[in-house]
Amino acid sequence: MNFPVNFGFVQIGLILLIVVGLALLISGLVLARRVGMRALILRGGSGLVLVLAAVLLLWVATLMQTYLGLTGEIKAAHVVAKQVEGQEHLLDIELTLFGDDQQDEQRLKYQVEGDTWVLQAGIVELEPWVNALGFHSGYKISRLYGQRLDGVATTQNQIFLNGGDRDFFDDMRKGRWWTEPFVRSAYGNAVIAVPGEYDVFVSRDAIKTRAPA
């Protein structure tokens, strides 16, 4: 999975911590030659702890760049689904994916086989203490497909959105997402609805839909 870096105040602050930590570590090594190992243990040890903590938190920040930040419930998409006239089990879908400073808004149109539409997202939930440091749990809407009410499987392939989620689930299968103590959980979640007009919201733990206000 590609994790582009977009530096902000948090990342800059963490890099400064790394620099300070390295400076403490180096000065501890220098002082150790003059006054003994006690200086290395006290100053060098403090620097090493700072460097490790800052590197780990910077890694978390970089990892989350492909996900839109979740600070609560966010309106992530708008869906208008209509049954194709004269066609059974076929829907016209107008999908708007809202963006933010990192991603542009997308307006998309598809035909989906089925009587209901399904919008799926990958959700990464961070531990509360990580959120308190200014890092946000995140989501990425990744798939659109349809389902038939009679239970018959559709023949249409699922539609990938925002580059899909194959890397996300490959990482999960290999255990790369279970990065304690930072990530509480990482999983796919989906909303299913009949034809109509809907706003789609994503919270810290689910994707959901409501009729527009």
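Helix α4, spanning residues 166-173, has F168, D171 and M172 as its buried residues. These residues cover an arc of only 100° around the axis, so they lie on the same side of α4. The model is a predicted one.

Helix α4
- The exposed residues R166 and R173 sit on the face of α4 turned away from its buried side.
- The cover over the buried residues of α4 includes strands β5 and β8, the latter formed by 183-193.
- G175 follows α4 and has a positive phi, near 80°.

Aromatic rings and a charge over a ring
- The count of aromatic pairs is 2.
- One of them joins F168 and F169 in an edge-to-face arrangement, with 5.0 Å centre to centre and 90° between the planes.
- F168 has a relative accessible area of 2% and is therefore buried, being under the 20% limit.
- R210 is placed over the face of F201, 4.1 Å from the ring centre.

Q120 in strand β5
- Q120 belongs to strand β5, which runs over residues 116-126.
- The relative accessibility of Q120 is 12%, so Q120 counts as buried.
- The side chains of Q120 and Y145 are joined by a polar contact of 3.5 Å.
- Leaving aside residues up to four places away in sequence, Q120 touches K140, I141, S142, R143, Y145, D165, F169, N189 and A190.

Terms used. Residues numbered from 1 in each chain as written. Predicted model: local features only at pLDDT ≥ 70, side-chain atom pairs only at ≥ 80, totals over all residues. Heavy atoms only, no water. Helix = DSSP H or I, 4+ residues; strand = E, 2+ residues; numbered from the N terminus. Buried < 20%, exposed > 50% of the residue type's maximum accessible area, 1.4 Å probe, protein only. Polar contact = N/O pair within 3.5 Å; in protein donor to acceptor, adjacent residues only side chain to side chain. Contact = heavy atoms within 4.5 Å. Arc of directions from axis to C-beta. Phe/Tyr/Trp six-rings, centres within 6.5 Å; stacked < 30°, edge-to-face > 60°. Lys NZ or Arg CZ within 6 Å of the ring centre and 35° of its normal.
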